[in-house]
Amino acid sequence: MTLPQGDVLDQLAKVMPMTADRIDGKTFAADVRGRVATQVARLREVHGITPGLAVVLVGEDPASQVYVKNKGIQTVEAGMQSFEHKLDTSVSEAELLSLIADLNADKAVHGILVQLPLPKHIDEAGVLNAIDPAKDVDGFHISNVGLLATGQKAMVPCTPLGCLMMLRDRHGDLSGMNAVVIGRSNIVGKPMAQLLLRDSCTVTVAHSRTKNIEEVVRRADIVVAAVGRAQMVNAAWIKPGATVIDVGINRIEAPEKGEGKTRLVGDVDYASVAGVAGAITPVPGGVGPMTIACLLANTLTACCRANGLPEPEGLTA
């Protein structure tokens, strides 16, 4: 009896050693931050300009506080100015919008990031769209979304930009490659698809209602998994030699570590897929470190654009 292709790949993954190249996001992100720091130093020395990033945090969410702290540290390490604004959860929407208006007008601030999520009494879309699109280093403003979709110069969301950088580093020219993006969120899936289209890939966006999703994904030379379901993608979904970028961050139970313990995994079953793919990002240590690195790159880009200077080489989409 002949097994279906998916079953064949699944059986091969069980007996083959892990052969995929591991795309080290930590090392890649450190290189990006180093290149940003070099160009920031040159910008300051030649033009007397220092890029500035303002981060706004509303509330006391522990994870957000750690994330904002790390952003501040890495901003300063890159030679930039860091402006942190921590507001109480009870802050009114009008007060938050007033702060954003002040930051929009501040010439020392080239990038503005409002940490999400916001309290329920504040309209997230209204706040994000109040940011000057030229300072929208998260790439969430409706103007930047439209510019990206129509192939024009835009601020690009950090996570998809990081994924694109790693894919270009792996393959060089992406033209003509078959890419499947699993997930259609405004933060990752949709902008990722637009970036791959701009690099002349043939792009399919798959999601929870895609029929025969395994077959669709198995045709791809590039798979970007950003669906938010732990270890959903297994070896049977992957074309041998494909490059797999795992954006997912999911916490699952880890009884091997002890009662009540958990561990982080991606949307991809790393152990099985690594036996079939040509290259794969791990979780943690893959796409995650690239997000802050690309935030710094976007801030540098915004500063250069604001001052009519050439955009930083190798750090844009």
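Predicted model: local features only at pLDDT ≥ 70, side-chain atom pairs only at ≥ 80, totals over all residues.

**Helices against a sheet**

Visitor: What is the order of the strands in the open sheet?
Guide: The open sheet has 6 strands with parallel pairing, and its edge strands, which each pair on one side only, are strand E1 (21–22) and strand E6 (202–206). Reading across the sheet, the order is E1-E11-E8-E7-E5-E6.

Visitor: Which residue in E7 is the bridge partner of Ile 182?
Guide: Strand E5 (residues 178–182) and strand E7 (residues 222–225) pair in the parallel sense over 4 bridges. In E7, the bridge partner of Ile 182 is Ala 225.

Visitor: How are H7 and H11 oriented to each other, roughly parallel or roughly perpendicular?
Guide: Helix H7 (residues 158–171) packs with helix H11 (residues 288–306) at an angle of about 100 degrees, and their axes are 8 Å apart. Because angles of 65 to 115 degrees count as roughly perpendicular, H7 and H11 are roughly perpendicular to each other.

Visitor: How many charged residues does the contact of H7 with H11 have?
Guide: On the H7 side the contact includes Leu 161 and Met 165, and on the H11 side it includes Cys 294 and Leu 295. By class, the contact has 7 nonpolar and 4 polar residues, while the charged residues number none.

Visitor: How many residues of H11 are buried?
Guide: H11 has 19 residues and reaches 28 Å from its first C-alpha to its last, close to the 27 Å expected. H11 is mostly covered, and the number of its 19 residues that are buried is 15.

Methods:
Residues numbered from 1 in each chain as written. Heavy atoms only, no water. Axes fitted to C-alpha atoms, helices over the stretch in contact; angles between N-to-C directions. Helix = DSSP H or I, 4+ residues; strand = E, 2+ residues; numbered from the N terminus. Parallel < 35°, antiparallel > 145°, perpendicular 65-115°, else oblique. Contact = heavy atoms within 4.5 Å. Nonpolar A, V, L, I, M, F, W, Y, C, P; charged D, E, K, R; others polar. Expected span 1.5 Å × (residues − 1). Buried < 20%, exposed > 50% of the residue type's maximum accessible area, 1.4 Å probe, protein only. Pairing = 2+ DSSP bridges.
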